[in-house]
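Please work through the following exercises on contacts between protein chains. Each task is followed by a solution in steps.

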Amino acid sequence: MAEFVLKRLLSALPVLLLVTLISASIMHLVPGDPAVIIAGQNASDAEVQQVRAALGLDRPFIERLGAWYAGLARGDLGQSLLLNRPVSEAIVERLPVTLALAGFALLLTVVIGVPAGMIAALRANTVVDQAVLVVALAGVSVPNFWLSLMLIVAFGVWLDVLPAGGYIPFADDPVGWVKCLILPGVSLALLQIGLLARITRATMLEVLRQDYIRTARAKGLPVFKVVGQHALRNVMVPVVTVVGISFGLLLSGSVVIETVYSIPGLGRLLASAIFGRDYPVIQGGLLVTAVMLVLLNLCVDLLYAVIDPRVKNDGRS
Amino acid sequence: MAEAEARRPPSLTRRLFSHRLFVTGLVLFGIVVAMAVFADLLATAAPEKMNFRARFRTPEWAFLLGTDNYGRDIWSRLVHGARLSLAIGFAVVIVTGVAGTVIGLLAGYFKRLDGPLMRTMDALMAFPAILLAIAIAAALGPSAVNAVIALSAVYTPRTARIVRSAALVVREMDYVQAAIASGSRHMWILWRHILPNSLAPLIVQLTFIFAYAVLAESILSFLGVGPPPPTPTWGNMIAEGQGYLREAPLLALFPGIAIAVTALGLNLLGDGLRDVLDPRLRVQHG
Amino acid sequence: MSPLRFGRQARTAIAATFASGALLCAGLAASGAALAQQRLPMMVFAQEAPPPTLDPYFSTSVSTRNIAMHIFETLITRDENNAVIPQLAASVDESADGLTYTFKLRRGVKFHNGKEMTSADVKASMERYKRMALQKVILAPVTAIEAPDAHTIVMRLDKRVPAFLDELSSFVTPLAILPADQASRDGGKIDIIGTGPLQFVEWKPDSHVRLKRFADYAVDTRDKGTNGFAGRKEIHFEQVDFKLVKDPGARVAGLESGQFHIIEDLPVPAAKRLAGNPKIALYDLKNWWLHGAWVNHAKSPTQDNRVRRALQIALDMEEIMEIATDGAYVLQPGLQYPGNPYYVTNGAQHYNRKDPEGARKLLAEAGYKGEELVIITNSSYQSMYKAAQVAAEQLKAAGFKVRMDVFDWATAMARRRDANAWNLWFTGQGTGPSVGPFAALKDVVSPQKNQITADPVIDELYGQLITGTTFEARKATFAKFQERVYDNVLFLKFGDLTRKQASLSTVKGFVPYRIPRLWNVRVE
């Protein structure tokens, strides 16, 4: 097991290196730099150049990239150009917010998606089944930033029961914290509920077809008991996989949701950093995101192997 | 796709068309395609024409869905927006399909290429998709073509993965092993054996990618890095309507519905295709 | 559990709870009454953009200035009518030959670290400004800065600069007085210590900048109340939070829910909606931006002045400004704002002509063969984006072939430096015109020359402008300067944008200005 983990982590290193190279290269190709933002709207070219020189942005790309890697080797992600603090601090401040949002969305996804999928499977090929499928697909089809805007108008403005945006930390006001997360959590979860429901349904159908289940049902055991004892365990395998993938998708989906709802999370940090050309934040933030995804995939694979040791570990399909 | 069908039992078409959800999806998507194709006929005004005195009108005979803050007819912009949005989606499907297939086949078939190719694909997939698209679009400049490039870069790795998985499986099959052993040329084996048997999951994936691409283009336009005005896309219609959300919610409402209908149609299509082409795929595909 | 088992104990506990609760309430009520007579704990102002830095020398951005001008003060500054007035200076004296300026400093002015401000601090600040401030060119003619005693500063210039005090009092990159030990600090790396009425507490990016009342602030008693950036400043709160709220909808929602006291930049449709709301007070900040577009004189087809003239006369400024600002605008041709002593209307014959037919004729005359007119606008400032869309349609109707490129702000700024990338570059000029004629549109002058090709006439006129020895001479030159801008189409002006601000109606004493002034403001 330890060997497996180590092998996976080692094989992730070249991927992480590639991630940093790709992000640096793409940002190098994006025109503009933070000097124009810092110098302000009225600054002349000479003034912008002054800021650029003061920040070291006129050094050659390779030199700046080298300096960043050198810092990385020391464990230093550098200083944000626009936020006046170390990159690591900026990330650490925002990570819990995104994790809270993604966690909340994941909770909604599982709580709604798994039962929906199971019901659809138990009532396979009936109207209920088709309805669940269509609703699930509708959730995936609706553009979630647009839905967010509509939800804000409906709940935040017309009905005025939920905040129209912003974030209140749990420590400040637990009730407010929950209220802030409801609309964005729902917007995020909609993407994944459909996915999870359909996978659960498909797996349940497979499992229900198994002989020992049919035997149990033929024996007259109640449906829920049969499902609970036998089917659920088998359903967990792909469900866990999908949940793992979902969490990764939720993290990236949070970019747009956090922007629309003005939530100070990692997604919005990265999006603003790209528009503000805050290179250290982009580099550091994308690296952290990639590391999280690698660890997440690793956990999922480990869980997968633990739940069903018959599964071969040569990669998910 | 025609080749694959010819090899299969003729009841495929019948099976497809008796699948209720597939047909629903086809109808929905068909309506949108018709809107795009017949946009010139369906539109009641030029989509860029501004009417200074007719701003923020609610739906009426002259302006079926009302007008926006420039006084432009929303209905006409909606039908013309279908063109660019669908064109971009279609282009992404083509580019992703070709690139993903090539990479996936090479990775699945040639063991030495598998490692480096898949590492690169993994690295691209480690980026939150929308950030990668934003960065590429910002680097290349805002245009429909660059949006296609950006989105293709995001979806190719996922497609390559699917094709590779299928290729891996097919490569191990007896008749392929026999062909390799008997010295057949690799290209021929790829073309004749591997590719056709990897098509089913690919096609299903591509319908979903069409849907993702339409959705993603709207996000790019919403964030300001999509195709530039004045050509309407559903995404930039929503972006322009965002500033008037409270006072004139209709501006953002209709394009969002249009996107949802398109994506839903495509998703139903894809689901139906998957159910019919290969029921085993239901569990495999995420 | 039998309810009687803990009966006595329960009753005692309940009684004790009530008693202590009552005591607590009484205590709170008493202290509440006491507090009500003191200052309110916090004033919350919601601003749009996060400040890129709090070092006033290192940025020209409004978001920095909003906050910095509460923390720092300058020797001289501008009053309510944009005239030069002293702030930290007790008096200013200009020598007859204009080569020596003597400032006497006010006494008893304290920094936030408790130390008293002396000429050593002023000298050090000026030296830092000359070394690294974005507008250090203001101090270029200064050859020596002397501090003969603790409360006197003497500046010696190598040539006469009639506009020197205007420049020195400019608030674009203000010459804030910092403690002497900050002299060697690089841009953005100073300790945030000034002499202003509010003191820096903390800066949480993406959230807020928190300031607190400086108890030992030396109030300038020369004025009765607020006067531009100076005047008698009194803070009626213990703390002031500048909350950073990018989304306009969120700012409005925060105001309506009482979360914010005052908000910067309210969208016009929201202002219309809130007009009848008794809980909200609305303000118009006139002349916030001069909307317009730079014209590229180096790239075809706008290298030909006939084509440029066609552009100029084709446009309907009313339509552009109405759609771009949703009604918050004023149409007037001047590069200065009305009420300003240098306000002139030369060039008005070319402004807002609304003549697409005349434009077509000019294009035919110029032999226009349908070369593409490239417009650059940006997605970051909605009014610029909308103005460009309207202008593009108008120009198409006049016979131009138009291509529009939309970029985010950083890219748009980068593209402006590429002479081949654009013919029209949409923007807003704000601080320049508000500072005075020397800064209004000085970007047409070499070496900046936003129009790409140097215009020797305008360069000459600018030289005359800043060396004009009398007000009348300078005003006459400015009239010629503005005329030339219109004649040679160096810049296309659309109109003046009015910025909308809003507060709770319980907020009293807020008068809109180039920055939101939170002194002398009360909440009732």
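The exercises below concern a predicted model.

**Exercise 1.** Determine how many residues of chain B and of chain A are in contact, and which element of chain B gives the largest share.

Solution. Step 1: the contact joins 41 residues of chain B to 40 residues of chain A. Step 2: the elements of chain B that give two or more residues to this side include α3 (20-37), α10 (186-223) and α12 (250-277). Step 3: α12(B) provides the largest share, nine residues. Step 4: sorted by class, the side of chain B that touches chain A has 27 nonpolar, eight polar and six charged residues.

**Exercise 2.** Describe how helix α1 of chain A packs against α6(B).

Solution. Step 1: two packed helices are described by the angle between their axes and the distance between the axes. Step 2: for α1(A), residues 2-29, and α6(B), the angle is about 60 degrees and the axes are 8 Å apart. Step 3: α1(A) is therefore oblique to α6(B). Step 4: the crossing of α1(A) past α6(B) is right-handed. Step 5: residues of α1(A), among them P14(A) and I22(A), meet residues of α6(B), including R119(B) and D122(B). Step 6: this contact comprises six nonpolar, one polar and two charged residues.

**Exercise 3.** State which element gives the most to the side of chain C that touches chain B.

Solution. Step 1: 18 residues from chain C and 15 residues from chain B form the contact. Step 2: α10(C) gives the most to the side of chain C, with five residues. Step 3: by class, that side has eight nonpolar, five polar and five charged residues.

Notes
Residues are numbered from 1 along each chain as its sequence is written. Chains are lettered from A and ligands numbered from 1 in the order in which they are written. This is a predicted model: local features need pLDDT of at least 70, side-chain atom pairs count only at pLDDT 80 or more; totals for chains, interfaces and linings use all residues. Two residues are in contact if their C-beta atoms, placed from the backbone, lie within 7 Å. Helices (H or I, at least four residues) and strands (E, at least two) are DSSP runs, numbered from the N terminus. Ala, Val, Leu, Ile, Met, Phe, Trp, Tyr, Cys and Pro count as nonpolar, Asp, Glu, Lys and Arg as charged, and the others, Gly among them, as polar. Axes are lines fitted to C-alpha atoms, for helices over the stretch in contact, and angles run from 0 to 180 degrees between N-to-C directions. Angles under 35 degrees count as roughly parallel, over 145 as roughly antiparallel, 65 to 115 as roughly perpendicular and the rest as oblique. A crossing is left-handed if the near helix is turned anticlockwise from the far one by less than a right angle, and right-handed if clockwise.
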